[in-house]
Amino acid sequence: MTKVAPAREEHHELRADGITAAGSIVMAVAGSAPAYSIAATTAVLIAAAGLAGPAALLWCGIPMLGIAWAFSYLGRADVNAGAAYSWVGRALHPVLGFFAGWALVVSATIFMVAGALPAGAATVSLFNEKAADNTLLVTVVGAVWFLIMAGAVLVGVRVTARAQWIMSTVEVAILVLFAVLAIVHAASGHHAGPSFDWSWLGFSHFSGITGAGGFVGAALVAAFYYWGWDVSSNLNEETKNGRKAAGRGGIIGVIIVFLLFEVFTIAVQVILPAKTIADSNGNLLSILGEEIWPGIGGKILIIAVALSTIATLETTLIQVTRTLFAMGRDHTIPLAFGRANPRWRTPAFATIVVTCVSLILFVGSNFLGSVGEILSDAVSSIGLQIAFYYALAAIAVVVAYRRIVLKSVKNFIFIALWPGLGAIFMVVIFIAAIPSSPLIVILIGLGALVIGVVPVIVFWRKGKAYYGRRPLELPEELVTSQISIVSNDPRVE
């Protein structure tokens, strides 16, 4: 009688050690897309906050850094490509965890639709500025860039990391160069705007922000600036010493982009007249570069914007595919999403599906008529989704580490106080933004979240391992160090 060999269980794992600790920082910076954010969003920020744009960035940056600390400590307890999806699910409740992950998936998909157009426009304008108004050409070029980045994400994290090193290093080098030139330019008296005042940072009062509604609007725009640094956490399974390096990369990344955002926002307000800023139409960095370095400065900064946009398309695709991979692995969505290609060790199915969906939405949105309004409303809705899942992650770290947060001053500040303030900040702007947001923004921002109810119901039984709520265990080294501190205390018998 022939014995039938037992079926071998398939193991779908991502490629370990594909990213270094330094690469994790590069990914975090690329995820926030400093050049793209400055070019596309500064005019919107100044419209919402007036001269207090730098203050909005500062007072949003402080709680954002607290959330980065939350991600760091949660990553030390659970190395998982799903990041907030897994952490919130284990620390608070699995359903909340699923919706934290779902918020990232929908916000990232919306952003990829909105982000491919500037990638095409920036590329085309390098060769012919007038051609940047050609919707068909810009759409085709943006789609090509998106497919190239999707190909890099598909064939392996090491290819992705190399591409990010090149693009982000050049981008940041250009930004640092022009930051120095902007300071020199402003100091020499060549500016059309007002002179810098410390009130711009909100230390005495918020110049230009009218009421609580104005502050909330400015805070949502500022949150969109920073968003994306947490891609380093979604890559923790693929990072060397990911338990610590991924979270540390996110923290350093937030600090780097904060400094760049502040310098350029102040430079824009000092060097350019208010009307030029208002009429910039997403081309602000090019205008600033031309003013600082006539003849060539604008072109150089367009290169930075193009590289930044292309790089952030790649990191956003990484975030959404890694989150879908973790969900598929837990059977909370179709299992196919949780399968890794045996050769490339990447979530190939998830990458292909997201690429196809994003391309269809991207091409369709650009030929439906009022393209600008569609993309503007889509991007505005992302702020709500960002605030939602960042707040849940910050609450999760306080709950998960509650037994040791009072064991030391360091624990209290970096695990409880700072992330807790970040959570409160995000909850407040999430709730306060809803009444003042246009209906279409609410429908996209909250409606996309509500759709997540469908997979929760459909896959509740199949995902019983996830929905069985495995408690989040604290890192052994932290628990041990706290026990050691207590045992060495002479007051303890």
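R90 is buried, at a relative accessible area of 15%; buried means under 20%, exposed over 50% and partly exposed in between, with a 1.4 Å probe and protein chains only. This is a predicted model, so local features need pLDDT of at least 70 and side-chain atom pairs pLDDT 80 or more, while totals for chains, interfaces and linings use all residues. Residues are numbered from 1 along each chain as its sequence is written, and side-chain values use heavy atoms, with hydrogens and water left out.

Salt bridges, then. The rule is a side-chain nitrogen of Lys or Arg within 4 Å of a carboxyl oxygen of Asp or Glu, and the count comes to four. One of them joins R90 to D78, with the closest N and O atoms 3.5 Å apart. R90 sits in helix α4 (residues 84-91), D78 in the loop between α3 (53-77) and α4; helices are DSSP runs, H or I, of at least four residues, numbered from the N terminus. D78 is buried too, at 8%.

Another bridge pairs E238 with R322 at 2.9 Å, N to O. E238 is in the loop between α9 and α10 and R322 in helix α13, so the contact ties together parts 84 residues apart in sequence. Both E238 and R322 are buried.

Now the aromatic rings. Phe, Tyr and Trp rings (six-membered ring for Trp) pair if their centres lie within 6.5 Å; planes under 30 degrees apart are stacked, over 60 edge-to-face, the rest tilted. That gives 25 aromatic pairs. F111 and W227 are edge-to-face, 5.7 Å centre to centre with 85 degrees between the planes. F111 is buried at 4% relative accessibility, and W227 at 5%.

Methods:
Helices (H or I, at least four residues) and strands (E, at least two) are DSSP runs, numbered from the N terminus.
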